[in-house]
Amino acid sequence: WPGRAGRWRMAHRGAQAVLALIGATPRVEHAQRLHGLAQPVVVVANHGSYLDTVLMTALIPWPACFVAHSELGERRWARRFYERIGAVFVERFDVAESVRDAERVAQLLGSGTSLIVFPEGRLAVIPELLPFRMGGFLAATRAGATVLPVALIGARDFMKGDRRLLRRVPLRIHVGEPIAALPGAADPWDAARALSERARSVIAAALADAAVEH
């Protein structure tokens with residue numbers, strides 16, 4: 001399908017159809033926060049399930065670029081699909097290569113391309129949030145982009161990485177308040193760290209509230 005925007009619309013609707021088919025349609029809290037945002041936006045979410053990518057594709061109505069670790073692209077069919085919807089693959093273990101990847105991500109954001117980032121950097125095997133990596137937040141700081149924190153609730157129980165069968169549990173997506181990044185900060189690392197801490201606190205609070213309700 002020609003055009004990244006058109007391909008994203010197809011993926012967005014297809015992901016919604018897949019979720020409906022498997023009984024995984026989530027309840028979205030504060031969906032209105034997804035609209036009216038000046039692009040580009042860095043969307044950050046917790047990552048505890050292979051279902052997360054589908055959930056995020058179904059959630060985000062405007063074209064965005066997944067920032068994915070390079071291992072995800074080792075399978076040719078998967079890499080082709082992700083590249084067609086605008087994913088960029090980054091290295092997690094080679095330091096020199098990861099620095100170059102960070103520059104590529106920053107350039108994408110600077111050109112007006114919105115990003116979807118799982119800042120934990122890998123699939124979490126424990127319920128608690130892992131430490132956030134700084135790449136997406138540093139790119140947001142440099143570009144003056146808005147950060148949108150999103151909490152995915154229930155996905156880990158619905159589809160655990162070590163279980164082949166799905167477990168029907170309620171799914172929720174909490175869309176947090178957008179966090180504005182201020183360009184031109186005297187110390188970009190301090191500004192990025194502050195962004196990371198604010199986004200992490202929003203996601204952690206939503207997960208904690210869900211755990212109490214459960």
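Is H12 buried or exposed? In this predicted model, H12 is buried, because its relative accessible area is 13% and the cut-off for buried is under 20%.

**Surroundings of H12**

H12 belongs to helix α1, which covers residues 4–21. Its side chain reaches the backbone oxygen of T57 at a distance of 2.9 Å. When neighbours within four places in sequence are set aside, the contacts of H12 are T57, A58, L59, I60 and P61.

**Chain as a whole**

The protein chain contains seven helices and seven strands. Read from the N terminus, the order of elements is α-β-β-α-β-α-β-α-β-α-β-α-β-α. The chain has 214 residues, and 46% of them are buried. Among contacts with a separation of 6 or more, 72% are between residues 24 or more positions apart. The accessible surface is about 11,400 Å², and carbon and sulfur atoms contribute 57% of that surface.

**The sheet**

Seven strands form an open sheet with mixed pairing, in the order β1-β7-β6-β2-β5-β3-β4. The edges are β1 (27–29) and β4 (88–90); each has a single partner strand, so one side of each has no neighbour in the sheet. On average, neighbouring strands are turned by 25° against each other, direction ignored.

Within this sheet, β3 (residues 65–69) pairs with β5 (residues 115–117) in the parallel sense, over three bridges. In this pair, C65 stands opposite L115 of β5. In general, the strands of a sheet pair through backbone hydrogen bonds, in either a parallel or an antiparallel way.

Helix α2 (residues 52–59) packs on the sheet and touches β1, β2, β3, β5, β6 and β7. The direction of α2 makes about 125° with that of β6.

| β1 | 27–29 |
| β2 | 41–45 |
| β4 | 88–90 |
| β6 | 146–153 |
| β7 | 172–175 |

**Helix α5 and the residue after it**

Helix α5 covers residues 135–143, and its buried residues include G136, F137, L138, A139, A140 and T141. Just after α5 comes G144, with a positive phi of about 65°.

Note on methods
Residues are numbered from 1 along each chain as its sequence is written. This is a predicted model: local features need pLDDT of at least 70, side-chain atom pairs count only at pLDDT 80 or more; totals for chains, interfaces and linings use all residues. Side-chain values use heavy atoms; hydrogens and water are left out. Helices (H or I, at least four residues) and strands (E, at least two) are DSSP runs, numbered from the N terminus. Buried means under 20% relative accessible area, exposed over 50%, partly exposed in between (1.4 Å probe, protein chains only). Contact means heavy atoms within 4.5 Å. Accessible areas come from the Shrake-Rupley method with a 1.4 Å probe; for residues, only the protein chains shown count as cover. Two strands pair if DSSP finds at least two bridges between them. Axes are lines fitted to C-alpha atoms, for helices over the stretch in contact, and angles run from 0 to 180 degrees between N-to-C directions. A polar contact is a pair of N or O atoms within 3.5 Å; within protein, one must be able to donate a hydrogen and the other to accept it, and residues adjacent in sequence count only if both atoms are side-chain atoms.
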